[in-house]
Structures are given as structure tokens and as C-alpha cells.
Amino acid sequence: MEAEKFTISRSLLLSCNVFFALLFLSFVLLISNLQTTMASATTLKSTTKTYKTFIKNQCNSTTYPSDCYKSLSSYASTIKTNPVTLCNTSLYVTLEAARSYYVSISSLTMQKGLSRIDKGIVKDCVDVLGDCVDELTQSLNAMTNLGGSYEEIQFQMSNIKTWVSASITDEDTCTDGFVGRKVNSNVKKQITKCIKSLTRMTSNSLALINSLNNY
């Protein structure tokens, strides 16, 4: 009987030892995984900070640095520290804004009570924004496919700068119709707001493109 009790106690003790050993091993693995996760999170945070610092520094060379950083910082993981990708992203964001403003200003034609002058101003601005969309699209396509010999790249960069500059000129003409005319207050407000934002974004894109030292 005593021998049987000793055998049972020994078995229970071995079982307990195995249980606690497994429990300790699980705890060690949990701590290790937590440390790895924390280390990865810290590395990711540090990397993201580096990318955003790069964007901020590059945006400081633009006419509207705050607007530049605000529009591009959310693309930090895509841009990283690549100046060409930065320009691509800036052109992409600007093009998307131009398309959005094109739709917004086009919808003003549905507003009731517009005079013939109001409708003419809206139509002219919509036409101009259509040109801006085309010019920014050409710029983005060229920047995305940038490559070839030095001379070819120089030619492509020259075209890109010309298209972006033309877009800025077109945007400015959108508000020319206000001069010396009585314009519906909402039409004037909406067009001015859209054009101001788009002009700043386009100007910043051009500044970033001009800062590409390697080209």
C-alpha cells in the first residue's frame, strides 16, 4: 500500500512538474513574442518618422510648405526617401484634386438663379480645369515613365515642367472672369476656394520637380 501511494505521489509530482514546465515555456514564448512585436513597432515608428522628416524637409523648398506636408505625409510609406516618388505622389494628389474640383465647379451650373454672366464664368472655369486635368495627367505619365539616356530624361523633365507651369497659368485664368463683374456670391466663393487650393498644390508640385538635382 505504501509503495502504491509513493508511486501515485511520484506520478502526480511528475505531472505537476511537466505542467509547470509547459506553463513556464508558454510564458517565455509570450514574453519573447511581445518583445519582438514591440521591437517591430518601434522600428516601424522610427522608419515612418524618418520618411515624414524627409517629406517635411523637401516641402520646405516649396512655396506653401505646410500645405505640401499636409497633402503628402499620409503617403510616407510609399514615398520613403525617394525624391522622384515624392514628385510622382505630389502630381498624383494634385491631379486627383483637379478632377474633384472639376466635378465640384461643374455642379454649380445646377444652381438656380444664375445669371448669364455667372453661367459663362462657370463654363469657362470648367473648360480651363479640363485643360489642367489633361496637363497634369501628361505630367504624371511622363514622370512615372521617366527614363532613358541623360538627354531623353532632360527632354522629359522639360516637358513635365512646361505642362505643370501651363496648368498653373490656366488655373489663374479661372478667376479672371470676376474682374469688373457682378458675380453670384456662392459661385465666386466656391470657384475661389477650389482654385486657391489647386494652385497651391500645383505650385508645390512644380517646386518639388525643380528641386530634383539629379536631373
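Which pattern does the chain follow when read along the sequence? The chain follows the pattern α-α-α-α-α-α-α, with 7 helices and 0 strands. Helices (H or I, at least four residues) and strands (E, at least two) are DSSP runs, numbered from the N terminus.

This is a predicted model, in which local features need pLDDT of at least 70 and side-chain atom pairs count only at pLDDT 80 or more, while totals for chains, interfaces and linings use all residues. Residues are numbered from 1 along each chain as its sequence is written, and side-chain values use heavy atoms, with hydrogens and water left out.

**The chain as a whole**

Of the 215 residues in the chain, 33% are buried, a term that stands for under 20% relative accessible area, with exposed meaning over 50% and partly exposed in between (1.4 Å probe, protein chains only). The accessible surface of the chain is about 13,400 Å², and carbon and sulfur atoms hold 58% of that surface. Accessible areas come from the Shrake-Rupley method with a 1.4 Å probe; for residues, only the protein chains shown count as cover. Among the contacts (heavy atoms within 4.5 Å) in the chain with a separation of 6 or more, 74% join residues 24 or more positions apart.

**Helix H4 and its partners**

Helix H4 spans residues 83-106 and packs with helix H7, residues 185-210. Helix H4 also packs with helix H5, residues 116-144.

| Pair | Angle | Axis separation |
|---|---|---|
| H4 and H7 | about 165° | 9 Å |
| H4 and H5 | about 160° | 9 Å |

Axes are lines fitted to C-alpha atoms, for helices over the stretch in contact, and angles run from 0 to 180 degrees between N-to-C directions. Angles under 35 degrees count as roughly parallel, over 145 as roughly antiparallel, 65 to 115 as roughly perpendicular and the rest as oblique. H4 and H7 are therefore roughly antiparallel. In its contact with H7, H4 contributes residues including Leu86, Ser90 and Tyr101, and H7 contributes residues including Ile191, Met201 and Ile209. This contact of H4 with H7 comprises 14 nonpolar, 5 polar and no charged residues. Ala, Val, Leu, Ile, Met, Phe, Trp, Tyr, Cys and Pro count as nonpolar, Asp, Glu, Lys and Arg as charged, and the others, Gly among them, as polar.

H4 and H5 are likewise roughly antiparallel. Their contact holds 17 nonpolar, 7 polar and 1 charged residues.

**Ser106**

Ser106 lies in helix H4 and is partly exposed, because its relative accessible area is 22%. The C-alpha atoms of Ser106 and Cys125 are 8.6 Å apart, although 19 residues separate the two along the chain.
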